[in-house]
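Keep the ring planes in view as you read.

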Amino acid sequence: MDTRALDAKYYMPAFGRTMKIVRGRGSCVWDDAGNEYIDCVAGIAVCSTGHCHPAVVEAIRWQAGELIHCSNLYYVPNQAELAEKLVEITGLGKAFFSNSGAEANEGAIKLARVRTGKKEFVAFTHGFHGRTCGSLAVTHKPAIREPFAPLEPACTFVEYGDLDGVAEAVNSTTAGVFVEPIQGEAGVIIPPDSFFKGIREICDDAGALMIVDEVQTGIGRTGEWLGIQHTGVTPDIVTLAKGLASGFPIGALVAREGLEFQKSEHGSTFAGGPLACAAALATLGVVEEILPDIPRKGERFRRGLAAHNPRVRGLMIGISVGERCPEVQQRCAAEGVLVNCAADGNLRLVPPLVITDDEIDRVAGVLNAALD
């Protein structure tokens, strides 16, 4: 029985998929029929250093030969070193690890509640923060949220970019405001920098925490370590995952000085394990070297796709396509380029940060032909 038949028989049908990827190197992947693709999905902004980067592979291989797991009952190899690095690049105080972005946001919810003593949150229309019950409570999309209601914590949703709406929604019961620097699942929606400065001021006035979800925008994706760093605003909590370990599962929350969990307030069996932290440290080392070149690569995409008014920040690109989006996605795949449709007919490109100029030009050519 082949993979597709086994999947249909034994795996819950939560995903719609047609292709089996069996190998990856750099910005390219191959399917089980031997077809090669430039991968501008990258595991949905996960494979930041490309597929199977030698430094990441070697870090995982070496650590797997020494110690795979020991639990957080003990000091974990690579964990403190990774926390130090995340504090350094975020400019915040202390880190805590998880296994995913949703878990990182769950941790942020708990930390905001326990330290402020408040219980409610404000988030934004079209925002996405995860699919666990807590993270889903602050995720707007009704189709994925409402079937699981009622959800906690209580959350008020405001139109993304509407500062007056934020000022009206935030009050003395608000523990925190969840916001993405760029809405990735919505199709790469980029608000003005003044939006984030306004949120910071409103949170300060109300004694609420500003929680910035960098799960998709973090680790160099936008040309800075964090998307919020383009705005000059310092949040209280940042959450990370996706690109942090080049595909090895890990998430993190990093909070400002003095904002932290105390003993027994939070925990996780697998979070921040030796392998995940080794992969993350290797990833950060690679990204640090290529980070200065990411804005230039983004501009190359912008020029190549200029006829279609792309929204670009670093290597995060969105194009409004409308109802044709699935058709364009299929046409690109047929020509050897993988892209995906986000919400509202928006095409999203989040390629590996190591994508080359020749690959960018090839992607732009295929996309332009498909869009035309």
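Searching the whole structure turns up seven aromatic pairs. Rings of Phe, Tyr and Trp (its six-membered ring) pair if their centres lie within 6.5 Å; planes under 30 degrees apart are stacked, over 60 edge-to-face, and the rest tilted. This is a predicted model: local features need pLDDT of at least 70, side-chain atom pairs count only at pLDDT 80 or more, and totals for chains, interfaces and linings use all residues. Residues are numbered from 1 along each chain as its sequence is written, and side-chain values use heavy atoms, with hydrogens and water left out.

Take F96 and F261. F96 sits in strand 4 (residues 94-98) and F261 in the loop between strand 10 (251-255) and helix 10 (274-290), so the pair ties together parts 165 residues apart in sequence. Helices (H or I, at least four residues) and strands (E, at least two) are DSSP runs, numbered from the N terminus. F96 is partly exposed, at 27% relative accessible area. F261 is buried, at 15%. Buried means under 20%, exposed over 50%, partly exposed in between (1.4 Å probe, protein chains only).

Next come F124 and F195. This pair is also edge-to-face: 5.4 Å between centres, 75 degrees between planes. F124 belongs to strand 5 (residues 120-124) and F195 to helix 9 (residues 193-206), so the contact links parts 71 residues apart in sequence. Both F124 and F195 are buried. Together with Y160 and F196, they form one aromatic cluster.
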